[in-house]
Amino acid sequence: MTDRYAVAGNPVEHSRSPAIHQQFAQQTGQAVDYGRLLCPLDGFKAALQAFVDSGARGCNITVPFKFEAFEMATRRTPRAELAQAANTLRFDPPAEGGGWLADNTDGVGLVRDITVNAGVALSGQRVLLLGAGGASAGALGPLIEARPFEIVLANRSFDKAQSLVNRHADWAAEHGVRLTARALDNAGQAYDVFINGTAASLSGGGVPVGPGVLRPGTLALDMMYGPAAQPFLQWARDHHAVARDGLGMLVEQAAESFALWRGIRPDTAPVLAALRAQVPL
Ligand code: NDP
């Protein structure tokens, strides 16, 4: 029997997740059907419930429902608890504990893409993370675990950056990482790694900070990918940074979700290579 999954969000048409999970399923011999679930902005819960009632086994959650998905789950992994946002739900049958399990695989996916795929060490580095939405909430805990020297979290709404930082203060102290919140217009200078975790590229809003955050050779990563990421990537290159999009993160977080659902971790390298041939950097 084929088990059904989907990426749930609004918008979802741009998502490459169905193609990625199809390749994972083929590679691992798993009977998986993975589609897209466009949810009304005011009807996420009803859309998800209908999907579960139709026999679905899980879903990925994308913009802007990661916080809502976390709230709706009956059980949560520790990394989802820290993020208070979920990008992965697993719908367990009553015989296996029942209810919805929330996880967040965005952060481990991001860190793996930076350190393994891009080959950039985070340990001891200065990192700027922009955004305090679901994606950045998921990224912050695993970024701290990679033990950079410092992480500055800047967001358009400063209060959200501050509350995300407050929630991670103990985690940062435990890992010896200096963690501070800043406003966008005071984001700091010359970072080693700059991660744009805002939805600015998705909405065509441009790069929300000035080029002073870069130095020659900075890894400048936008979580967005495809045509919408191109202005950010060009901006990074124009200022002598190393430009990277969110495609590798996407594949890595998908592999973690797949492992949670199916108990087997696919090999991400061939899937990322195949996707990269279609989505230029
Ligand atoms: P959310 O809607 O939860 O959060 C959006 C964030 O972006 C908020 O911090 C918001 O600031 C900020 N923002 C939005 N527009 C602007 C702008 N014009 N200027 C400055 N800041 C802005 O979205 P997510 O966190 O879920 O997703 C963020 C991005 O990351 C999306 O583009 C998404 O596609 C991408 N993503 C990619 C993944 C991957 O695997 N590659 C995984 C997850 C996400 P404020 O708080 O002030 O509203």
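Reply: A polar backbone atom of Met 223 is 2.9 Å from a nitrogen atom of the ligand. That is a polar contact, a pair of N or O atoms within 3.5 Å. This is a predicted model, where local features need pLDDT of at least 70, side-chain atom pairs count only at pLDDT 80 or more, and totals for chains, interfaces and linings use all residues. Residues are numbered from 1 along each chain as its sequence is written, and side-chain values use heavy atoms, with hydrogens and water left out.

Me: What does the backbone of Gly 246 do?

Reply: One of its backbone N or O atoms lies 2.9 Å from a nitrogen atom of the ligand.

Me: And Leu 250, how far is its polar backbone atom from the ligand oxygen?

Reply: 3.3 Å.

Me: How much of the ligand's accessible area does the protein cover?

Reply: 87% of the 920 Å² that the ligand has on its own (Shrake-Rupley method, 1.4 Å probe).

Me: OK, new topic. Which helices give two or more residues to the shell?

Reply: Helix H6 (134-145) and helix H10 (247-262). H10 gives the most, with three residues. Helices here are DSSP runs (H or I, at least four residues), numbered from the N terminus.

Me: Where does the ligand lie relative to the domains?

Reply: Between domain 1 (3-104 + 250-278) and domain 2 (107-245), because both give residues to the shell around the ligand. The bounds come from an automatic or database domain assignment.

How values were computed: A polar contact is a pair of N or O atoms within 3.5 Å; within protein, one must be able to donate a hydrogen and the other to accept it, and residues adjacent in sequence count only if both atoms are side-chain atoms.
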